[in-house]
Amino acid sequence: MDATVSKAEYDRVVADKNEQIATLKFRYEKLVRQIFDASSEQHPTTGSLSDAAQIDLFGAVAGAGLGGKQPGKVPASGRPRKPKKKHPGRAPLPAHLSRREVTIEPDVDTTGMVRIGEDVTEKVEYTPASIVVVRYVRPRYAWPRDERPAGADVNAPAVIVAPAPDQVLPKAIAGVGLLVSILIGKYIDHLPLYRQRAQWRRDYDWEVPASTVGDWVGAVYRLLEALYQALQTDVLDTDYLQGDESRIRVLRKTVEEDAARKTEKQQAGGKSGLGYMWVFRNPLTGNVLFAYRRSRGTQVLDDILGNYTGVLQSDGYSAYTKYKKNHPDMQLVSCLAHIRRKFFEARGNDPWTAELALTVIAVLYRAERRCDELGYTTEQRQVLL
């Protein structure tokens, strides 16, 4: 018996198959771009948009309010030609750098000659940092036997000595300058502690145990905790907050942690595991809070943000959506850069819609750059855009 289906059923199956084909084609093209194409998401409409097009979208924003420059001619490739930049030449050395002058006289007798000028050549030299042992000497004083002045306080101490100077870590030999250098080297210059210890050993013949340096850094952490709490309060004291999280590979510390993460250890290998650096930024002050956690779940947002009631901007990760369900008084908004990326990736699937969206976003970006140049406030930007 021949099986028959209705035309509606046939059309539905064909539509489903076409949708599957389009999805697989999109994923294939995306994978090819990730492997072979440049990582830049630059769009040819950026900077090449006509003023007329901008006025159609934003009224007189671009022509009058933003004072945008007239775009140059666009070549056949669709990308504007960038004018060739002239080499500015060697930049002058900063005036605040200390200078040591060395005069080099000719190797002939110049007696009776008149100096008519000079040729000056500047070279930058480097003087290595030094480690210095500072000895704080506090003399002790006492009255000789039976020579205490008449009327002196009988309860006064017999021996007089100046109090010890305040130190960051009173029981450690490391001074404040060394501690600051260690932290800057580790977190600004990305020099691990073992490399800094190797430098001391090589340059100063000074061997410091790893545990000692680790104790110094840990003690400074505890001193800075109050500043961290103040930073967290400042960042979260706003009605507009931006959040994101990134995974990082971290070393496990204890055998118990290894046992608790046995499954992850088998997957990742070695003694390292995954951690997450949560980052929150207050756009109004520009201050940023970094919070490390082992989890990427919603409980981290509950722990850090608490009952936040303002606007939270994120990349659409599901943890933020779950946090929104538990805190209906806050507002969740998306990140325009992530939205733009989806349209950029969809150019091969729906070129017309994708190009339209990229063009509109390019206008917004250009307007924002101009607002930055003019120093517009948040209120001025809201009226303008």
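## Basis of the model

The structure is a predicted model, in which local features need pLDDT of at least 70, side-chain atom pairs count only at pLDDT 80 or more, and totals for chains, interfaces and linings use all residues. Residues are numbered from 1 along each chain as its sequence is written, and side-chain values use heavy atoms, with hydrogens and water left out.

## Overall composition

The protein chain contains 13 helices and 7 strands. These elements are DSSP runs numbered from the N terminus, a helix being H or I with at least four residues and a strand being E with at least two. The chain has 385 residues, and 21% of them count as buried. Buried means under 20% relative accessible area, exposed means over 50%, and partly exposed lies in between, with a 1.4 Å probe and protein chains only.

The accessible surface of the protein chain is about 29,700 Å², and carbon and sulfur atoms account for 56% of this area. Areas come from the Shrake-Rupley method with a 1.4 Å probe; for residues, only the protein chains shown count as cover. Of the contacts between residues at least 6 apart in sequence, 51% join residues at least 24 apart. A contact means heavy atoms within 4.5 Å.

## The largest pocket

The largest pocket has a volume of about 1,200 Å³. It is lined by 27 residues, and those closest to its centre are Arg100, Glu101, Val102, Thr103 and Thr121. By class, the lining comprises 11 nonpolar, 6 polar and 10 charged residues. Here Ala, Val, Leu, Ile, Met, Phe, Trp, Tyr, Cys and Pro count as nonpolar, Asp, Glu, Lys and Arg as charged, and the others, Gly among them, as polar.

A pocket is defined on a 1 Å grid over the protein atoms alone, as an open set of points where a 1.4 Å probe fits, with protein on both sides within 12 Å along at least five of seven lines; lining residues have an atom within 4 Å of a point. Grid points are joined across faces, edges and corners, and the volume is the space filled by probe spheres set on the points.

## Strand pairing

Two strands pair if DSSP finds at least two bridges between them. Strand 3 (residues 240–251) pairs with strand 4 (residues 272–281) in the antiparallel sense over 10 bridges; within this pairing, Arg247 has Tyr276 of strand 4 as its bridge partner. Strand 3 also runs parallel to strand 6 (residues 311–314), to which 3 bridges join it. Tyr240 stands opposite Val311 of strand 6.

Strand 6 is in turn joined to strand 7 by 4 bridges, and these two strands run parallel. Ser314 has Ser334 of strand 7 as its bridge partner.

## Buried positions

Leu312 lies in strand 6 and is buried, with a relative accessibility of 0%. Not counting residues up to four places away in sequence, Leu312 touches Leu241, Gln242, Gly243, Leu305, Tyr320, Met330, Gln331, Leu332 and Val333. Leu312 and Lys324 are 12 residues apart in sequence, and their C-alpha atoms are 9.3 Å apart.

Leu169 is in the loop between strand 2 (159–161) and helix 4 (176–187); its relative accessibility of 10% makes this residue buried. With residues up to four places away in sequence excluded, Leu169 touches Leu179, Trp216, Ala219, Val220 and Leu223. From Leu169 to Leu179, 10 residues away in sequence, the C-alpha to C-alpha distance is 9.4 Å.

Gln232, in helix 6 (residues 210–236), is buried at 18% relative accessibility. Its contacts, leaving out residues up to four places away in sequence, are Leu289 and Ile304. His327, in the loop between helix 10 (318–326) and strand 7 (331–334), is buried with a relative accessible area of 12%. On the same exclusion of residues up to four places away in sequence, His327 touches Asp302, Gly306 and Asn307.

## Loop residues with positive phi

Most residues other than glycine have a negative phi. His190 has a positive phi, near 60°, and lies in the loop between helix 4 and helix 5 (193–204). His190 is exposed, at 61% relative accessibility.

Asp205, which is not a glycine, has a positive phi of about 55°. Asp205 lies in the loop between helix 5 and helix 6 and counts as exposed at 71% relative accessibility.
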